[in-house]
Amino acid sequence: MTSNIILAASGLTKEFRGFVAVDGVDLMVRRGSIHALIGPNGAGKTTCFNLLTKFLTPTKGSILYNDEDITSLPPADIALKGLVRSFQISAVFPDLSVLENVRVALQRLRGSSFDFWRSETVLRAHDARALELVDAVGLSEFRHLYASELSYGRKRALEIATTLALEPEMLLLDEPMAGMASGDIERISNLIRQAARERTVLMVEHNLSVVSELCDAITVLAQGRILAEGDYATVSADPRVREAYMGT
Ligand code: ADP
């Protein structure tokens, strides 16, 4: 039987030359939830995120994904297990069209041996899936534009499409709303809500109104430690959380 907890970090710690950026964090993410990691600047959110996907190696602690210890796996192997992080805009190829960007991501999912690419059937299946994903993120009418021609918000939508192409079971989003206008925030929120119907989402997010609307579980970090956990009503009423935010 699969456990209710999809991701469990315990005692997660990261030191940078003596400075403890993440200090013994125990994080549990419930399967099917949209879970936010919030906290003031310098709280350790990005470091935590990088530890979970092994872009950084923890100094101490362990990470279980689907009850399997992934602490010593490299990032590519973690992604193959279904725990995928969306990359920042740099991962979108500016000189490829929207559709081509998604095709490239689909290619990455299965590996790209030469023989594989010669298979007409597979190519056609990719084309259909690429169109489906482009449509799902609301970019159908822009599918032949170069990625470089998209607005900022639409680039982020494309980035989510390329991440969804990897068929993640759990999606990690690093500040998906950063720098967005309100129309784009609405669009990406809907997209995340839709993506979360079939998967778990863990996101670092600064925009608290987005977090309150979208997330059913929140972990507040401050100075590398967990300050509070719970739903939005619980954490926002916590005096320690208010103090941490006002202190920035
Ligand atoms: P947040 O994402 O919550 O703003 P970070 O995880 O980026 O916080 O940073 C947490 C702390 O760790 C900060 O004080 C930051 O300066 C420090 N830090 C992050 N990365 C490094 C690094 N590579 N070397 C040294 N200190 C770092």
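This is a predicted model: local features need pLDDT of at least 70, side-chain atom pairs count only at pLDDT 80 or more; totals for chains, interfaces and linings use all residues.
According to the domain assignment, domain 1 covers residues 1-82 together with 169-248, while domain 2 covers residues 88-167. Where the two domains touch, 12 residues of domain 1 and 11 residues of domain 2 take part in the contact.

Which elements give two or more residues to the side of domain 1 that touches domain 2? They are strand β7 (170-174) and helix α7 (182-195). Helix α7 makes the largest contribution to this side, with five residues. By class, the side of domain 1 that touches domain 2 consists of eight nonpolar, one polar and three charged residues.

## The four-stranded sheet

The model contains an open sheet of four strands, arranged in the order β2-β1-β4-β5 and paired in the antiparallel sense. Strands β2 and β5 (68-69) form the edges of this sheet, since each of them pairs on one side only. As a general point, the side chains of a regular strand alternate between the two faces of the sheet.

Strand β1 spans residues 5-16 and strand β4 spans residues 60-65. These two strands are joined in an antiparallel pairing by five bridges.

How many residues lie between the strands in the hairpin of β4 and β5? There are two residues between them, and N66 takes a positive phi near 50° in this hairpin.

## The shell around the ligand

The ligand is surrounded by residues from several parts of the chain sequence numbering, namely F16, F19, A21, G39, N41, G42, A43, G44, K45, T46 and T47. Classified by type, this shell holds four nonpolar, six polar and one charged residues.

Two elements, β2 (19-30) and α1 (45-52), each provide at least two residues of the shell. Helix α1 gives the most, with three residues.

Conventions: Residues are numbered from 1 along each chain as its sequence is written. A residue is near a molecule or strand if its C-beta atom, placed from the backbone, lies within 6 Å of it. Ala, Val, Leu, Ile, Met, Phe, Trp, Tyr, Cys and Pro count as nonpolar, Asp, Glu, Lys and Arg as charged, and the others, Gly among them, as polar. Two strands pair if DSSP finds at least two bridges between them. Domain bounds come from an automatic or database domain assignment. Two residues are in contact if their C-beta atoms, placed from the backbone, lie within 7 Å.
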